[in-house]
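Work through the following exercises with the sequence and the model side by side.

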Amino acid sequence: MAQVKLTYFDLYGRGEIIRLILKHAGIEFEDFRLPAPFVDPTEWMKLKPTIPSGQLPMLEWNGTKLSQSMAICRFIAKQANLAGKTSLETAAIDEMVDAVQDINNQWYNGQFETNEEKKKEMQENFNKVFLPEKLRMMEKRMTSSGGQFLAANSLSWADIHFLQSALVLQKTDPEFLKDFPKLENLVKRVQDLPNLKKWIAERPDAPF
Ligand SMILES: N[C@@H](CCC(=O)N[C@@H](CS)C(=O)NCC(=O)O)C(=O)O
């Protein structure tokens, strides 16, 4: 069995999707957490110079250090058969993963904007324009690939990635998927998968 350690802040952020894939796959790992730099930078400032990329998350797999959250996810998703059976399926899954990343990045930009007026404008645009457009596109793609999963007509890490984003977005708007029944149903089904259900019930809560 591989020796696996994930180092990340005590947040969901860019690390939770890695935790979710590992949990779903039943891969045991050390979930090493440190305080987010905006909560208390002390521990991170000591650790940062020892991390090859200078950023987290970092995954250690049998001693090999990997950075970049999406590269880490692709690697473990391949181990867990969640990354497609053909190159074309893998590309379709990556397409949906990148759409989820677009949503996440746009949402974070709005959360961390320091100019209050601009922040309000960005959040309004996200909720009224950006997010519904992305969701519409994703539901269409889902319909054209069998209607049950985001891509490749089977569960992939794109579905798990979307689940985590949806759980964070639902904290501020529990109804945000009400016009997207297929996506809403997907979120329900994926969070009911036994290993994910167990982890979601027991994991430390975080605002994002
Ligand atoms: N593209 C990288 C971005 C990594 C990143 O921005 N990490 C942030 C936390 S989410 C970080 O380490 N911040 C502390 C720092 O840069 O010193 C990834 O997806 O892993």
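**Exercise 1. Find which residues Lys-134 touches, not counting residues up to four places away in sequence, and decide whether Lys-134 is buried or exposed.**

Solution. Lys-134 touches Ala-99, Asp-102 and Ile-103 once residues up to four places away in sequence are left out, where contact means heavy atoms within 4.5 Å. Before going on, note that this is a predicted model, in which local features need pLDDT of at least 70 and side-chain atom pairs count only at pLDDT 80 or more, while totals for chains, interfaces and linings use all residues. Residues are numbered from 1 along each chain as its sequence is written, and side-chain values use heavy atoms, with hydrogens and water left out.

Finally, Lys-134 is classed as buried because its relative accessible area is 19%; buried means under 20% relative accessible area, exposed over 50%, and partly exposed in between, with a 1.4 Å probe and protein chains only.

**Exercise 2. Locate Ser-156 and explain why Ser-156 counts as buried.**

Solution. Ser-156 is in the loop between α5 and α6 (157–172). Its relative accessibility is 1%, and therefore Ser-156 counts as buried. Not counting residues up to four places away in sequence, Ser-156 touches Leu-82 and Ile-93.

**Exercise 3. Describe the surroundings of the ligand and list the side chains with an N or O atom close to one of its oxygen atoms.**

Solution. Begin with the residues around the ligand, which include Tyr-8, Phe-9, Arg-14, Trp-44, Lys-48 and Gln-55; a residue is near a molecule if one of its heavy atoms lies within 4 Å of it. Then take the polar contacts, meaning here pairs of N or O atoms within 3.5 Å. A ligand oxygen lies 2.7 Å from a side-chain N or O atom of Lys-48, the corresponding distance for Gln-55 is 2.8 Å, and for Trp-44 it is 3.0 Å.

**Exercise 4. Relate Pro-37 to Trp-44 and to Asp-10.**

Solution. Pro-37 sits in the loop between β2 (30–34) and α2 (42–47). Leaving aside neighbours within four places in sequence, Pro-37 is in contact with Phe-9 and Trp-44, and both Phe-9 and Trp-44 are also among the residues that surround the ligand. Pro-37 and Asp-10 are 27 residues apart in sequence, yet their C-alpha atoms are 9.9 Å apart in space. Pro-37 counts as partly exposed because its relative accessibility is 29%.

**Exercise 5. Examine the backbone at Pro-57, Asn-62 and Gln-68.**

Solution. As background, most residues other than glycine have a negative phi, and most peptide bonds are trans. The peptide bond from Leu-56 to Pro-57 is cis, with omega near 10 degrees, and Pro-57 lies in the loop between α2 and β3 (58–61).

Asn-62, in the loop between β3 and β4 (64–67), has a positive phi near 50 degrees, and it is partly exposed because its relative accessible area is 49%. Gln-68, in the loop between β4 and α3 (69–79), has a positive phi of about 70 degrees although it is not a glycine. With a relative accessible area of 59%, Gln-68 is exposed.

Terms used: Helices (H or I, at least four residues) and strands (E, at least two) are DSSP runs, numbered from the N terminus. A polar contact is a pair of N or O atoms within 3.5 Å; within protein, one must be able to donate a hydrogen and the other to accept it, and residues adjacent in sequence count only if both atoms are side-chain atoms.
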